Amino acid sequence: MQSIMKGLLFITHRTQQFDYLQSIEIALKGGCQQIQLRMKDTPIDDIIRTALAAKDLCNEYDALLYIDDHVVVCQKVQAKGVHLGKLDMLPSEARKILGKDFIIGGTANTFDDIKRLYDEGVNYIGLGPFRFTTTKKNLSPILGLNGYQFIIRQCKENNINLPILAIGGVTINDIPDIMRAGVSGIALSSTILSADNPIEETRKIINLINKYQL
């Protein structure tokens, strides 16, 4: 199964101004069609409850919901897929639980990470971080633009053809250069929620990504 993962992926982030569901609604109103529910250090019952509400919201806007980390939550709420970090369940194990009809993504910081995830059968890669970000603990080494260019070139040389999303500290001004490096899309959180008009910022980001979409 091929992933349709491209364009903008909004990753939920609770701020002083917005809770998880409010942040999802902002992204949806701005035209985002892919939402990842990320709720670190949260009891599983709270994640399930929020995920069910998030699924209803996404259905209203004909958008797709992905769950960060929790394969069981993904299965329970019938989300589109799950994103697995380096310390989470192996994608091959997640596939045994979810079956072939769910999308499984994985986090990578190096080409070796991508090769391992490719062998594990993921549908897409979240590659990063682009620069320092406060939304993630235990941050991997910063890639920068040169890192993306180098890793994507390695993927092409090794015939690894997976959608790659840039993630980690990306701003709207970074998007043209990162897209030209050959990624399929951009995953964002704080850039949208910290904007003066988050809904309009989402629209601007989507239009910019589409302009450089391969």
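Analyst: Q78 is partly exposed, with 47% relative accessible area; that label covers values between buried (under 20%) and exposed (over 50%), using a 1.4 Å probe and protein chains only. Q78 sits in the loop between α3 (71–77) and β4 (81–84), where helices (H or I, at least four residues) and strands (E, at least two) are DSSP runs numbered from the N terminus. Its phi is positive, about 55 degrees, although Q78 is not a glycine.

A quick word on what you're looking at: this is a predicted model, where local features need pLDDT of at least 70, side-chain atom pairs count only at pLDDT 80 or more, and totals for chains, interfaces and linings use all residues. Residues are numbered from 1 along each chain as its sequence is written, and side-chain values use heavy atoms, with hydrogens and water left out.

D62 also has a positive phi of about 55 degrees without being a glycine. You'll find D62 in the loop between α2 and β3 (64–68), and at 64% relative accessibility this residue counts as exposed.

Now to α2 itself. This helix (residues 44–60) packs with α1 (residues 20–29) at an angle of about 15 degrees, the axes being 10 Å apart. Those axes are lines fitted to C-alpha atoms, for helices over the stretch in contact, and angles run from 0 to 180 degrees between N-to-C directions.

Who does the touching? On the α1 side it's Y20, L21, I24, E25 and L28, and on the α2 side T50, A53, A54, L57 and C58, with contact meaning heavy atoms within 4.5 Å. By type, that contact divides into eight nonpolar residues, one polar and one charged. Here Ala, Val, Leu, Ile, Met, Phe, Trp, Tyr, Cys and Pro count as nonpolar, Asp, Glu, Lys and Arg as charged, and the others, Gly among them, as polar.

A disulfide here is a pair of cysteine sulfur atoms within 2.5 Å, and the structure holds zero of them. C74 is buried, with a relative accessible area of 0%.
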